[in-house]
Amino acid sequence: MLSRYAIFLMLICVFGFSLLKAQQKPLIYKRPITWNSERERLSLEYLLKRHGVHTDTALIIPRMVVVHWTGNMSVNATVKTFNPVYLPGRKDLQTASTLNVSTQFVIGRNGTIYQLLPENFFARHTIGLNYCAIGIENIGSAQNPLTEAQLNSNTKLIKYLRSKYAIEYVIGHHEYQAFNGTIWWKEMNPTYITAKTDPGDKFMHSLRARLGLDKQLKVPHLL
């Protein structure tokens, strides 16, 4: 039988490990966007018609993180853009679905992290990969490169997500087409592609290095 001292040490180790796991979660502010029965219906429709995934709930099993920039310089404007259920304008995207674009997280210029949707709720942010990808939008653009504070917050947030889910890839939005033709790609229309530049190689190389990953994206073999 274990001695009381041994049991005490085991409890201390378990408590310490649990505390360490809890400390991995960065400070996150809730900025929820509209999630109602219509958004869920459109999400289920998107999963089926665009990704070929039949499911009863608009939930994903996160296996990938896709990092974006917003193209604008305002957290409030970004949340306002994602909040409507239906996609306003953007005829190039409306041909695929009237479901509005969205994301799970937004990170401000000063590194503040906002959560718009639960981590495992479906969000439309990356063609072909939405069914398994958590999206992180960063306030910035080509003219306003992402900041050191944003790099730090992306690192903390993704470390937390990797401790919680079996995340296999951390990619930039501009890298998503590298998965076309692999087992990861689930877009029913082969011509539905848009060109992206965000957030760029420099930011992603730095981010992956801080995460202990290869700086260069290592894509799976083509089918």
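Student: Where does D201 lie?
Tutor: D201 lies in helix α6. Helices here are DSSP runs of H or I with at least four residues, strands are E runs of at least two, and both are numbered from the N terminus.

Student: What is D201 in contact with?
Tutor: Leaving aside neighbours within four places in sequence, D201 is in contact with H174 and E175. Contact means heavy atoms within 4.5 Å. The C-alpha atoms of D201 and I171 are separated by 9.8 Å, and these two residues are 30 apart along the chain.

Student: Quick check, where do these numbers come from?
Tutor: This is a predicted model, where local features need pLDDT of at least 70, side-chain atom pairs count only at pLDDT 80 or more, and totals for chains, interfaces and linings use all residues. Residues are numbered from 1 along each chain as its sequence is written, and side-chain values use heavy atoms, with hydrogens and water left out.

Student: Back to α6, then. At what angle do α5 and α6 cross?
Tutor: Helix α5 covers residues 148–164 and helix α6 covers residues 201–210; their axes come within 10 Å and cross at roughly 45°. The axes are lines fitted to C-alpha atoms, for helices over the stretch in contact, and angles run from 0 to 180 degrees between N-to-C directions.

Student: What do you call that arrangement of α5 and α6?
Tutor: α5 and α6 are therefore oblique to each other. Angles under 35 degrees count as roughly parallel, over 145 as roughly antiparallel, 65 to 115 as roughly perpendicular, and the rest as oblique.

Student: Which residues make the contact?
Tutor: On α5, the contact is made by E148, Q150, L151, N152, N154, T155, I158 and K159, and on α6 by F203, S206, L207 and R210. They divide into four nonpolar, five polar and three charged. Nonpolar covers Ala, Val, Leu, Ile, Met, Phe, Trp, Tyr, Cys and Pro; charged covers Asp, Glu, Lys and Arg; the others, Gly among them, count as polar.

Student: New topic: what kind of peptide bond joins D198 and P199?
Tutor: A cis peptide bond, with omega about -10°. P199 sits in the loop between β6 (169–172) and α6. For background, most peptide bonds are trans.

Student: Now the whole chain. How many helices and strands are there?
Tutor: The chain has six helices and six strands. Along the sequence they follow the pattern α-β-α-β-α-α-β-β-β-α-β-α.

Student: Last one: what share of the chain is buried?
Tutor: Buried residues make up 46% of the 223 residues in the chain. Among contacts with a separation of 6 or more, 75% come from residues 24 or more positions apart.

Technical notes:
Buried means under 20% relative accessible area, exposed over 50%, partly exposed in between (1.4 Å probe, protein chains only).
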